[in-house]
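I opened this notebook to keep track of what I looked up, one topic at a time. The structure goes in first, and my entries follow below.

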Amino acid sequence: MMMAILPLSGSLFTISRFDMETFWPEVLSFCQSTTKAIATELVAQSARIPAQRKADGSLVTAADQWSDQELRQRIAVQFPDHGVLTEETAHIFPANDWCWIVDPIDGTTNFARGIPIWGISLGLLYRGTPVFGFLHFPLLQQSFWGYWLENSGLTGPQGAFLNGEPIQVSDAEPSQNHLFNLCARSAGILTNPFPCKLRLIGVSSYNLALVALGAALGGTEKTPKIWDIAGAWPILLAAGGEFLCLRPEPLFPLTIGEDYGDRPYPCITASRRELMEQFKPLVLAAQ
């Protein structure tokens with residue numbers, strides 16, 4: 001049997017190719033069934049329960065907290081040796097080789113106000129770096145997923161998908177017929193001319209997914225947290241996109257024992273490197 005050999009604390013750790021071939025379908029099936037089951041309850045609660053403001057200014061509802069608990073419990077049953085970092089509970093990055101980063105409802109403001117663009121975000125990290133991402137937007141009937149195994153030593157599928165169909169970024173040139181996504185805190189860009197039409201959707205992971213899909217040429221987020229990024233990052237890269245974190249230190253790998261609860265990751269996304277070079281100075285000038 002062929003083996004993938006990975007370094008582990010100075011020793012050799014072997015994973016059979018057979019194990020990897022069964023592992024990835026298990027991961028995808030788990031994400032599909034779990035998010036579908038949880039979303040059924042969330043859809044029934046959308047616009048029906050009050051929201052409270054957290055210290056960082058974002059909103060939280062009882063549905064966020066319920067979804068967070070359900071996801072943690074289901075991960076613990078299906079993958080008992082995996083760690084978990086979530087928006088509503090555990091913010092310390094664990095020592096497990098495999099760790100899920102969970103946003104139980106990305107787009108809580110939209111969810112609370114009855115706007116249908118919100119979803120569940122799951123990022124699976126191997127030794128601190130996302131290798132798989134899954135985003136489910138139930139009211140849009142869209143599920144995105146992608147595999148990004150570069151430099152991980154792992155074997156497995158490749159590519160990014162929407163409802164099972166391959167997706168890739170756009171090769172178009174910027175124009176007023178093409179989109180660039182903003183967040184509420186980056187609206188200063190509106191004060192200067194920009195080569196694309198600007199859109200503010202209110203969901204960080206969906207902003208990245210739209211670039212991966214080819215629907216937008218780029219976007220910027222000023223204060224996303226790690227759970228806003230971890231699920232969408234591998235999808236964007238697997239679709240051929242570019243991601244630039246504006247913090248001085250590298251985005252990944254995450255550090256064991258670090259608290260990621262209050263750490264923002266301002267970033268820019270683009271469909272290709274040439275556009276990143278075009279968008280970057282325009283974004284920075286507005287900050």
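**Entry 1: a pair of strands.** I began with a bridge and found that L85 has I101, in β6, as its bridge partner. I noted that strands here are DSSP runs of E of at least two residues, while helices are runs of H or I of at least four residues, both numbered from the N terminus. The strands β5 and β6 pair in the parallel sense over 4 bridges, where pairing requires that DSSP finds at least two bridges between two strands.

**Entry 2: what kind of model this is.** I reminded myself that this is a predicted model, in which local features need pLDDT of at least 70 and side-chain atom pairs count only at pLDDT 80 or more, whereas totals for chains, interfaces and linings use all residues. Residues are numbered from 1 along each chain as its sequence is written, and side-chain values use heavy atoms, with hydrogens and water left out.

**Entry 3: the annotated positions.** Which residues does the UniProt annotation "binding site" cover? The unreviewed entry lists E87, D103, I105, D106 and D228, and I kept in mind that such annotations may be inferred rather than shown by experiment. Although they are spread over 142 residues of sequence, they cluster in space, with a largest C-alpha distance of 9.8 Å. The lining of the largest pocket takes in E87, D103, I105, D106 and D228; on a 1 Å grid over the protein atoms alone, a pocket is an open set of points where a 1.4 Å probe fits, with protein on both sides within 12 Å along at least five of seven lines, and lining residues have an atom within 4 Å of a point.

Entry 4: Is E87 buried or exposed? E87 counts as buried because its relative accessibility is 9%, and buried means under 20% relative accessible area with a 1.4 Å probe, protein chains only. E87 sits in the loop between β5 (83–86) and β6 (98–106). Not counting residues up to four places away in sequence, E87 touches residues including K54, D68 and W227, contact meaning heavy atoms within 4.5 Å. D228 is in helix α5 (residues 226–229) and is also buried, at 10% relative accessibility. Leaving aside neighbours within four places in sequence, D228 is in contact with D103, D106, S204 and S205. The side chain of D228 also reaches the backbone nitrogen of K225 at 2.8 Å.

**Entry 5: another sheet.** I then turned to an open sheet of 5 strands with mixed pairing, ordered β13-β12-β14-β16-β15. Its edge strands are β13 (197–200) and β15 (242–245). Inside this sheet, β14 (residues 218–221) and β16 (residues 267–270) pair in the antiparallel sense over 4 bridges, and G219 has T269 as its bridge partner in β16. Helix α4 (residues 204–213) lies across β12 (179–182), β14, β15 and β16, at about 160° to β14.

Notes: Buried < 20%, exposed > 50% of the residue type's maximum accessible area, 1.4 Å probe, protein only. Polar contact = N/O pair within 3.5 Å; in protein donor to acceptor, adjacent residues only side chain to side chain. Axes fitted to C-alpha atoms, helices over the stretch in contact; angles between N-to-C directions.
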